Amino acid sequence: MSWWRTRRTQDLLFQAALLGGVVLLVGGMAWNAAGALERQNIASGFGFLDNTAGFDVVQTLVRYDETSTYGRVLIVGLLNTLLVAIVGIVLTTLLGFVIGIGQLSSNWLVAKLCRAYVETLRNIPLLLQLFFWYFAVLRALPIPRDSWTIFGAFFLNNRGLYVPGPVTEPGFGWVVLAIALGAIGSLLLSWQARRRREAQGVITPVAPQSLALLLVPALVISAVTGFPLHFTWPVLEGFNFEGGIVVLPELMALVIALSTYTASYIAEIVRAGIQGVAKGQIEASQALGLKRSPILRLVLVPQAMRQIIPPLTSQYLNLTKNSSLAVAIAYPDLVSVFAGTTLNQTGQAIEIIAITMGIYLTLSLLTSSAMNWYNARIALTER
Amino acid sequence: MAALRRPPRIQVPGPVQWMHENLFSSAFNSVLTLVAFFLIYQTVVPFVQWAIIDAAWSGNSRDACLRFENGACWPFIIERSGQIVYGFYDVAERWRVDVILIILGLGLAWLTVPGTPGKSYVGALMIAVFPFVAFVLLVGGFGLVHVPIEKWGGLLITLVVAVTGIVVSLPLGIVLALGRRSDLPVVKGLCVAFIELWRGVPLITVLFMSANMLPLFMPDGMTINKLLSALIAVALFSSAYMAEVVRGGLQAISKGQYEAAAAVGLGYWRSMAFVILPQALRLSLPNIVGNFIGLLKDTSLVSIIGFYDLLGIVQAGNADAEWATPNTAMTGYVFAGALFWVMCFSMSRYAKALEGNLQAGERR
């Protein structure tokens, strides 16, 4: 066989041709883009991030005003995205687990109700649900003067949800420190108890001690520093509320839509995870004489979680990516203020889309590598 | 001995016993049942009241709806039904869309109803020929009047985006999945990079990219159609997800199959085409259908970049002063939601049935 007909050479040639094709394609696109930008007089590069943005953003978690730069806009948008993601993830986890366990309930009505929830929400586009919550529900609420209220402290109207806002006084830092130390202490305690259980098989209840560690120092420090935290209450002044914190209807709609929609997927993951635990495991623990609660805590949940956590993480990631639908209802998230407003103002399409995609991609890759690490750690070591 | 031969008595629980066992077996369960009843009562009753009993059913303007303050405004849907299906497609040419919808419906029915003959030929026709027929019918040519893409809308555009996504992403996804499992480092690297890039970013950023960046990548003087660039974005995005689904199927094929294919002297391409892929695709079929459901739902995102798809048309109608009533928005969303739900739910049932068939095959 001549040298150019060997498998090895052909593989090499094929790969070289493929790589060449890709390089040509990307290079050609870059060449075209450079030409187009030159004709439109757009300077490429990331210098625009230092220019003044000059537009207002309705919700900012860090200091921001009209003299801030586009770089600042990026940070504001990213923080707003993370806010939605974190609140949404907490709520969707709670709802998803409740509904997932509900699907397996021995109560016929509850099981059917949970099933109906899953089948309804999973089969309707998220964007439609978002529009429904925002335009048909939240924007249709009464005007501030006719707000719905709970205890005269929480007010819900078409401008948003008004809640009491915490105001910290000097000395609050010490309270935070006490809570943090208490948390570390209780974590150490439960870790110690777990090691004891695994080594000696002795179960030591630590819940009361942990709670005490968490609360007592914090309360003592608060009392010493004179309770350095109080609340401002929302009060109706003229046509709108003053004081307190306002949760924008956009934020509410986004969080509700994302968490109820994602919960329908999480419910299925939880159901599959619980059903996936072999029956023999439960029967074996019953045969050992374990009661219902330890069976759940020590046998069922750890094994179900092994199956639940990997797909659960990818749902968290989906929720974070789906939060970009914010742009449709003008919630100022990363895509809305950066890939939307900033792109329209500066015309730096390539740089802005690249930064935006880069951020989401980094989040995804970080999550999936954490997941791979976790999977490797909990994988069944079969001997 | 005679007593043993008698068949066991089967007790059919009466309604009271059934309720006792399934709804009120314990105090906790009884409370749950009451809570569930309360929830159903609080949601279903007002909904039926709003959607049917208190709703406006006839009329042709918003005045008809304003008289029914607490009910759905169905005349809005009836009046706009043309737009909801065809968008702004020329009324005289709408039959062309009808023809396509009928072919699509018949083709899908043929493929999904068990027992029809010649499924593989129909499938090949639907994937290879139907898109071209549909394209000519929709755009015009061969004696048909040209209908500009700007006039397309409603269910038509939703289906165009979804079907194009499906038709392109399936073959592309298979190639990417094979590439990802390849021994050649360059092929594998490129495929992994491609798949992870699209899977890592939200679809809306991909659509923004197609709207803002693709025109820049075109050679000077060449412009790209807005719909085409959105279609490219959706196809690239969904092929990455499709690749992962197909890869799942490929991983489930035992090594023996590869070795057997090699042993009978088949090369890489032939062993893939005749041995591995037919099995892998059959295994991943339920997940492929699941992917289609996701794709159909995701098509609604094109309304954000300015297309009047099913959701976009409804949204535009809500903002229309001619139909400004307190119930227009809710009516539009409920209708569009119901339409999407019927499409997606029937697909998910189909996927479930497929899964059952596969398992039945395994049990034999």
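Chain B contains 17 helices and zero strands, where helices (H or I, at least four residues) and strands (E, at least two) are DSSP runs numbered from the N terminus. The structure is a predicted model, in which local features need pLDDT of at least 70, side-chain atom pairs count only at pLDDT 80 or more, and totals for chains, interfaces and linings use all residues. Residues are numbered from 1 along each chain as its sequence is written, and chains are lettered from A and ligands numbered from 1 in the order in which they are written.

The C-alpha trace of chain B spans about 85 × 70 × 40 Å along its principal axes. The radius of gyration of chain B is 26 Å, whereas a compact globule of 364 residues would have a value near 21 Å; the radius is taken over C-alpha atoms, and the globule rule is 2.2 Å times the number of residues to the power 0.38. Of the 364 residues in chain B, 35% are buried. A residue is termed buried if 20 or more other C-beta atoms, placed from the backbone, lie within 10 Å of its own, exposed if 12 or fewer, and partly exposed in between.

Contact between the chains involves 46 residues of chain A and 46 residues of chain B, two residues being in contact if their C-beta atoms, placed from the backbone, lie within 7 Å. On the side of chain A that touches chain B, H1(A) gives the most, with 11 residues. The residues of this side comprise 33 nonpolar, 10 polar and three charged. Here Ala, Val, Leu, Ile, Met, Phe, Trp, Tyr, Cys and Pro count as nonpolar, Asp, Glu, Lys and Arg as charged, and the others, Gly among them, as polar.

The largest nonpolar core has 144 residues, of which A:Leu130, A:Leu254, B:Leu156, B:Leu207 and B:Tyr333 touch the most other members. Helix H9 (residues 154-180) of chain B gives the most to this core, with 14 residues. Such a core is a set of buried Ala, Val, Leu, Ile, Met, Phe, Trp, Tyr and Cys residues joined through C-beta atoms within 7 Å. Leaving aside neighbours within four places in sequence, B:Tyr333 is in contact with A:Leu128, A:Phe131, A:Phe132, A:Ala136 and B:Val314.

Two individual residues were also examined. A:Ala330 lies in the loop between H9 and H10 of chain A, and its phi is near 60°, a positive value in a residue other than glycine. B:Ser81 is placed in helix H5 (residues 74-86) of chain B and counts as exposed because it has 12 C-beta neighbours inside 10 Å.
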